[in-house]
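Hi there,

Here is the structure I promised to pass on.

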Amino acid sequence: MASFNRSFSRRRFLGGSALAVTAGALGMPFVRTARAQAATFKAGVITSLSGENILGGNLTKQGYDLWAEAINAKGGVEVAGEKFKVDMFYGDDQSNPATGADAAERLIVQNEVDVLFGPYTSGSTIAVQPICQKYQVPMISGSAESPNVWKAKPEFNFGIIPSVDTTSGLSLGVLAKTSNPGAKTVAVISVNEPFSKETGEGFRDGVKAAGLELVAYELVPPEGDLTPVISKIAALKPDVVAVGGHEEILINVVKTSKSLNYRPKALIMHYGITNPAFAQALGADADGVTGVVVWLPTVTYKDDVFGTAKEFSEMATKKLGGEPDYTAAGCAASGLVLGDALKRLGKKPALTPEDRVALKDAIAETDIQTFYGPIKFEKDGPHYHDNVQPVPVLVQIQGGKVVAVGPKEAAAADYIYPLPAWK
Amino acid sequence: MDLFLQTLLNGLLIGGVIATFTIAFQLTFGVLHVIDFAVGGWVVLGGYLGYYVTALLGLDGFVAIPLAFVLFGALGYLIGPVLYNVRNSRTARPELMALALTFGLFTLLRGGMLTAWGFNTRNVTSMLSGESLAVGPVIVPLIRVAAAVFAVAIAGGLFLFLYRTRYGLAIRATAENRHNAALMGVNIRRLSANVYGLYAGITAMAGVLMGAIYSVNPEVGLRYTLFAFFVAVLAGLGSVGGAVVAALMLGVIEAFVSTYVGSSYSLLAIFATLFVVLLASPKGILRRGL
């Protein structure tokens with residue numbers, strides 16, 4: 001009896017499954033048609049939503065979302081007199097380039113996105129590039145700053161933020177001109193990981209370009225303790241200490257320097273000091289730290305989606321609960337590039353594979369003014385498809401606030417140099 | 001010469017810092033026979049407690065040290081029996097199951113902290129933060145001295161506890177031979193819970209200091225786990241005294257290589273040391289490991 005029951009229920013189960021599968025298969029085409037009729041542009045965001053780069057990953061996601069919300073609030077992207085909304089899809093690279101490539105492939109194959117918005121890190125961006133090439137899907141990167149991203153001349157990838165070697169290199173020249181008496185010697189510390197190392201190399205090369213003297217160039221492992229390096233540099237007495245690294249290392253550099261009672265005349269860090277958490281973590285010790293940005297809410301640019309940089313900043317502050325930094329701004333501006341290219345392309349969704357290639361060509365011809373600044377991509381050279389138009393602005397933390405201090409035409413306050421000794 | 005002395009001091013203090021979160025890790029291995037992957041998680045939990053005590057209550061970060069012991073010691077006491085059951089279950093390879101459990105605990109702690117407290121890097125401020133003392137040409141960072149003193153005090157306290165008390169005798173007996181200890185009337189299950197609680201509490205206390213010396217975010221835990229593991233292997237797994245010696249050794253090597261060879265070689269030097277010591281003395285530098 002028991003065995004009869006079992007076989008009966010198994011048969012019923014198999015029969016039921018077959019019915020369900022058939023129904024599913026029959027239903028499939030209708031589902032697909034329904035989706036196609038919604039007629040929206042589909043954009044995939046591939047970035048670090050978990051893992052060690054989650055902070056930056058969220059900055060990028062927030063930036064891309066700001067654009068999607070803004071353009072959808074206006075009815076969508078205008079193509080040949082008709083408006084189409086934008087649907088956002090997300091892929092998590094888990095702070096790991098290989099995972100990023102997989103996630104990008106999923107977005108393209110499963111979600112059938114028309115275009116990708118690029119990862120926070122350069123490592124993931126480089127890993128995703130071959131996927132974009134394989135499926136011929138353009139990718140606009142609002143964050144990746146490594147020069148290596150552009151060296152391989154990625155046909156389908158475009159970058160909004162100037163690569164870090166151009167900005168960190170140029171910033172030392174600005175610092176030398178802004179400081180009084182002018183800084184002469186520089187020591188560079190950088191963390192031995194892709195982005196940080198390239199920032200450090202940018203600083204190192206910028207030293208020579210600015211006519212300064214390099215007294216030390218130290219690569220530290222991310223797990224290392226900073227006391228030996230800081231002690232060594234303190235003994236060399238450079239005017240400027242330049243640091244390539246993410247927030248955590250920047251915070252640790254300041255703490256370790258103070259614990260060794262060492263303060264250079266200027267401490268410049270490329271990334272991270274504009275994140276409010278930096279000044280929050282260090283309190284008064286953050287004051288005087290110099291940083292480099294390619295965008296600030298106080299710049300004078302504007303466009304017709306976000307308005308002025310100030311208006312963008314106010315809107316973003318309301319939504320994100322804190323002032324947006326240049327990464328969020330660069331990502332929001334990525335959307336503007338897409339909107340402009342789609343408009344010029346004049347193709348309605350969903351885009352065909354040929355349309356996507358044409359979209360790539362349209363993006364390459366971008367020449368627009370945005371709240372973020374001018375955007376135009378390089379057509380050749382080591383920064384192929386990168387937007388190297390923006391001029392770096394030197395900022396300093398003064399009284400817990402990030403203020404522009406150089407070059408002169410952008411300065412909102414005097415540059416505090418040399419820094420006073422620790423109290 | 002000045003730089004040499006400064007480097008030596010830096011190295012010893014780095015060693016002291018590493019020792020803080022390694023000592024109890026060794027004890028756990030000795031008694032529970034578990035390599036606790038979650039050690040970094042306990043460190044980070046302590047760091048966050050330090051941050052919240054300063055940020056929300058406006059108190060000195062050091063106030064969090066006893067709090068961390070009580071709070072996370074209690075949490076460890078509750079988790080201890082679970083770990084004990086897994087480690088002594090009848091499944092095949094219970095030691096691997098226990099390792100997987102602590103790895104899972106670590107992932108849970110990390111993910112939980114990320115969700116609850118976000119990804120921003122936080123700082124613990126205390127009366128010693130950024131303070132230093134000039135002794136001749138050498139600058140002594142006081143917060144690190146505090147950590148080294150803490151490490152020595154914990155090691156000394158544990159030593160007294162293990163060798164001068166009846167309960168310490170029971171712990172040592174359990175570490176040596178669990179079955180015989182049980183036959184002599186030691187309640188192994190309760191003892192394991194106590195040891196794990198003690199370990200979690202001490203490690204979280206060290207975490208408050210780590211937050212004050214470096215900074216804390218949910219992602220830094222793995223680094224502490226790795227260093228605890230390096231030190232444990234170098235010291236000989238389970239050897240508490242060896243942990244202090246090994247930590248000091250790693251600290252001094254890191255400092256000298258960073259200063260005189262180049263920072264990028266410091267980890268290479270640490271791994272090379274580990275390799276050579278394991279070849280020459282597989283039971284660790286003091287030959288007391290398991």
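**What I found**

Arg93(B) sits in the loop between helix 4 (64-87) and helix 5 (94-117) of chain B, and its phi is near 55 degrees, a positive value in a residue other than glycine. Helices (H or I, at least four residues) and strands (E, at least two) are DSSP runs, numbered from the N terminus.

Some ground rules before the rest. This is a predicted model, in which local features need pLDDT of at least 70 and side-chain atom pairs count only at pLDDT 80 or more, while totals for chains, interfaces and linings use all residues. Residues are numbered from 1 along each chain as its sequence is written, and chains are lettered from A and ligands numbered from 1 in the order in which they are written.

**Chain A overall**

Chain A holds 13 helices and 18 strands, and its C-alpha trace spans about 90 × 60 × 40 Å along the principal axes. Of its 423 residues, 56% count as buried. Take the contacts in chain A between residues at least 6 apart in sequence: 70% of them join residues at least 24 apart. Contact here means that the C-beta atoms of two residues, placed from the backbone, lie within 7 Å.

Domain 1 of chain A brings 14 residues to their contact and domain 2 of chain A brings 12. On the domain 1 side of chain A, the residues touching domain 2 are 4 nonpolar, 7 polar and 3 charged. In these classes Ala, Val, Leu, Ile, Met, Phe, Trp, Tyr, Cys and Pro are nonpolar, Asp, Glu, Lys and Arg are charged, and the others, Gly among them, are polar.

**Where the chains meet**

How many residues of each chain are in contact with the other? There are 31 from chain A and 31 from chain B. On the chain A side, helix 2 (54-73), strand 9 (213-220), helix 8 (227-236), helix 9 (247-259) and helix 10 (276-282) each supply at least two residues. Helix 9 of chain A gives the most, with 7 residues. By class, the chain A side divides into 14 nonpolar, 7 polar and 10 charged residues.

**A sheet in chain A**

Chain A has an open sheet of 7 strands in the order 9-8-10-11-12-17-18, with mixed pairing. Strand 9 and strand 18 (401-406) of chain A stand at the edges with a single partner strand each, so one side of each has no neighbour in the sheet. Neighbouring strands of this sheet are turned by 25 degrees against each other on average, direction ignored. Strands count as paired if DSSP finds at least two bridges between them. Strand 10 (residues 240-244) and strand 11 (residues 266-269) of chain A run parallel and are joined by 4 bridges; Val243(A) has Met269(A) in strand 11 as its bridge partner.

Helix 8 of chain A lies across strand 8 (185-191), strand 9 and strand 10 of chain A, running at about 175 degrees to strand 9. Axes are lines fitted to C-alpha atoms, for helices over the stretch in contact, and angles run from 0 to 180 degrees between N-to-C directions.

**Backbone details to look at**

Most residues other than glycine have a negative phi, and most peptide bonds are trans. A cis peptide bond joins Asn180(A) and Pro181(A), with omega about 0 degrees; Pro181(A) is in the loop between helix 6 (164-178) and strand 8 of chain A. The bond from Pro349(A) to Ala350(A) is also cis, with omega near -5 degrees.

Best wishes

Methods
A residue is buried if 20 or more other C-beta atoms lie within 10 Å of its own, exposed if 12 or fewer, and partly exposed in between; C-beta atoms are placed from the backbone.
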